[in-house]
Amino acid sequence: MRAGDATAAYLAARTELLGRSGPPGPDRRRALTALTDDWLHALFVASGAAGQKIALVAVGGYGRGDLAPGSDLDVLLLHDASVPVPEVTAMADRLWYPIWDSGLRLDHSVRAPAEARRLAANDLRVVLGLLDARTVVGDETITRSVRESVLNDWRALAPRRLGELQEGVRERIERSGELAHLLEPDLKDSYGGLRDLVALRAIAASWITDAPVASLHAHRDLLLDSRDALHLVAGRSTDRLLGQEQPAVAALLELGGDDPADTLLRSVSSAGRAVAFASESTWHRVERLTRRTTVRSGLASRARKLRGGRAERAPLAEGVVVQDGEAVLAADAHPEKDPLLVLRAAAATAQAGLRLAPHAVERLARDSAPLPVPWPAPARDALVSLLGAGRLAVPVWEALDQADLWSRLVPEWEIVRSAPQRNPVHRYTVDRHLLEAAVQAAAYTRRVERPDLLLVAALLHDIGKGRPGDHTDNGVEIVAGLAPRMGFSMDDTDTLVALVRHHLLLTETATRRDLEDPATAASVAAAVGDQDTLDLLHALTEADAAATGPAAWSAWKKALIDDLVSRTRAVLAGRPRPVDPRTTAAQIRLAEAVRATSEQGVAVLADEDEASGSVTVTVAAPDRTGLMSTVAGVLSLHRLAVRGAQVDTVTAPDGSRRAIQVWTVLPAFGDPPPVDRLREDIGRVLAGGLDVAARLDAREQAYPAPTGTAAPVVEIVPGASDRATVLEVKAHDAPALLHRVTRAIAAADVAITAARVATLGSEVVDVFYLVDREGRPLSDPRAATVVVTVLGALTG
């Protein structure tokens, strides 16, 4: 068959195969590989290479039979050194050109065996590809010779080459993150993805240690199926599972559930976790084994001979010993008769900074007896001890979780396992976030009277996620039933339930309420009830934020929460909270500076944070209706995106009222404007010389309005303050949004005495304390009018 006819037939058959109904899977990959082999066989014959000492070899994914719809054809033309180079070159051209003409991507090379072996010795990518070399057509003896020589070299140099491979893995983690915890993972390059499966095959081939390649087949197929579906949906070669393509990929894979896209992410996360755990465990053994010098290995071997061939075991806990740097079950351990053994082994292993040996985990999963209900005190203590190990608990927890032991101990855990969190603030799945919160809480156990309750609350505070309804309400119900099963007393259960119920209280109150209003601290004091619970909640709040991600915590937020806790502590103690002299001095200095800046009495300061790129802009001016709208408009005019703001009103030494506004902004382009320019423009607006509203309206008309976002919510928060009416605005962020909101409030002829503004990703949560001209909270009809006015400004 001529090359052109073979190519046309292949492309038609390929299109029919990939267009078949049903989800992609191993059978389709095998069929695509076989179809491609037949085509290349025909091209090889047409090139004149048949019958010579030449072989066309598939390497890498093609060699493994993992062809995806968008995969490159990764091939090597091997030729014996006796075949003249001009002849090989001519045959290669006759082979490659039909492939290029087909439109498929080709990754090719032409090598003699010695050259292939030399390149493999110096290029990790080459050796990894050749470890999966497979003859498509031609002289199998040449392929076999190269594969065996490369494999022997790989084994001989394994300690050095594996170190090089591991360094590449670390760089890839930094670049592409962890597959299990990303909302838009890279199925190949993210840690726990397809490249790590290749690395495990390479480790197994080195004979340094075993790698659990066979046990990961189902996870491997899931990742390959997902990549195949992604290629078909995207119509191109890509490994990044973008959010916009996840619903279609899930549909093609025929996944079910209330949200198939979430089912897809959960499945991919589970596969990534399994691969990552297998990789971490395997690399741990590689490091341990390759660190041993020849002398140490010789001494260890001699010692084992003196002990009759048995490796030395050191006791770690009842039923648990240390052997070869790992925790294993003692010879006389009986997990089927000792239901506490699984927790005792986990706690002892984590506290010692070790890992549980895989065979120990397998035996615990197979033979462990169920725990009595309620749990005995030693079981509960072991769980607390495990969590108290902090970061050392993570590999132990993950080992037991991969064996499904945690879901057997706490059935409620199954719902949150690998559950995605479609919120850019969160960097982990729900279950890993809970574990990370407990890890962070371990650092705060000296700050509280009951560290056990802190650790368990951190582990369970989001246990209600992954279910219909409000996750906090769900969590309260779950923990109210779970804590007694775990053996906690009714009083302790009440405390755990309170911590779950209020785990967002401090953050939401500190960032959305006026801390100067006595009702704010009083409401928190009423919710927590006592000092010990407040301390637990304070530590839990910090641990939760640290486990969420960098965007969830900042020095500004910490200062607000610490201030709120201090005020609440004073309320609980029945005494007034002492005024922070540093805050008062700073406010007085700023207020005094007002009179010396300009005839409008405006002071503007700016401090740039080089690490984050944000700028803190502080504005002081005589208080007046519409001032916040003015400043927000000027900031927007200078393309400074507001990420947070705190507005308060203070009394200056002369008895006049001054507004103190602290803004956190990010320049949309380039450097922030000079402070003098901001001060000048604010003064011009106040003096009527600059119509900032008209300028912003004109700019807004030039940009299309965002579509597909949730409708804004504007509502009054009842009982939030005795001194003002509290208005809360939740909306999708947009240019000059804060200016529109505050302009609408000013148009309603009400004053803003305080405000808390926060931009979380692309969503804003703004809170305003409003009073009428007499400085009193708004009447209900007036408040309703403000709500309508602001909502109208947002929906336009």
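**Rings, turns and confidence**

When the whole structure is searched, four aromatic pairs are found. Please keep in mind throughout that what you see is a predicted model. A pair of aromatic rings is described by the distance of the centres and the angle of the planes, and I will quote both values for two of the pairs.

Let me take Tyr10 and Trp39, whose rings are stacked, with 4.2 Å from centre to centre and 5° between the planes. What does this pair tie together? Tyr10 belongs to helix H1, which covers residues 3-18, while Trp39 belongs to helix H2, residues 26-46, so the pair joins parts that are 29 residues apart in sequence.

Which ring does the charged end of Arg155 sit over? That ring belongs to Trp207, and the charged end of Arg155 is 3.5 Å from its centre. In a second case, the charged end of Arg447 sits over the ring of Tyr444, at 4.8 Å from the ring centre.

Trp207 is placed in the loop between helix H9 (194-206) and helix H10 (217-234). Is Trp207 buried or exposed? With a relative accessible area of 65%, Trp207 is exposed.

Let me move on to the strands. Strand S5, residues 314-317, pairs with strand S6, residues 320-323, in the antiparallel sense and over three bridges, and within this pairing Ala314 stands opposite Val322 in S6. The hairpin of S5 and S6 has two residues between the strands, and there Gly319 takes a positive phi near 85°. In the loop between S6 and strand S7 (326-329) we find Asp324, which has a positive phi of about 50° although it is not a glycine. Asp324 is partly exposed, with a relative accessible area of 38%.

One further backbone detail is the peptide bond from Val373 to Pro374, which is cis, with omega near 0°. Pro374 lies in the loop between helix H15 (358-367) and helix H16 (377-388).

Finally, let me turn to confidence. The average pLDDT of the chain is 88, and 92% of the residues score at least 70. Where in the chain is confidence lowest? It is lowest in helix H13, residues 294-306, at a mean of 39, whereas helix H23, residues 490-501, has the highest value, at 97. Over residues 293-310 the pLDDT stays under 50, and for this stretch the model has six contacts beyond four places in sequence. Residues 579-586 are also below 50, and beyond near neighbours in sequence that stretch has one contact in the model. Where pLDDT is low, the predicted coordinates should not be read in detail.

Note on methods. Residues are numbered from 1 along each chain as its sequence is written. This is a predicted model: local features need pLDDT of at least 70, side-chain atom pairs count only at pLDDT 80 or more; totals for chains, interfaces and linings use all residues. Side-chain values use heavy atoms; hydrogens and water are left out. Rings of Phe, Tyr and Trp (its six-membered ring) pair if their centres lie within 6.5 Å; planes under 30 degrees apart count as stacked, over 60 as edge-to-face and the rest as tilted. Helices (H or I, at least four residues) and strands (E, at least two) are DSSP runs, numbered from the N terminus. A charge sits over a ring if NZ of Lys or CZ of Arg is within 6 Å of the ring centre and within 35 degrees of the ring normal. Two strands pair if DSSP finds at least two bridges between them. pLDDT is the predictor's confidence in each residue, from 0 to 100. Contact means heavy atoms within 4.5 Å. Buried means under 20% relative accessible area, exposed over 50%, partly exposed in between (1.4 Å probe, protein chains only).
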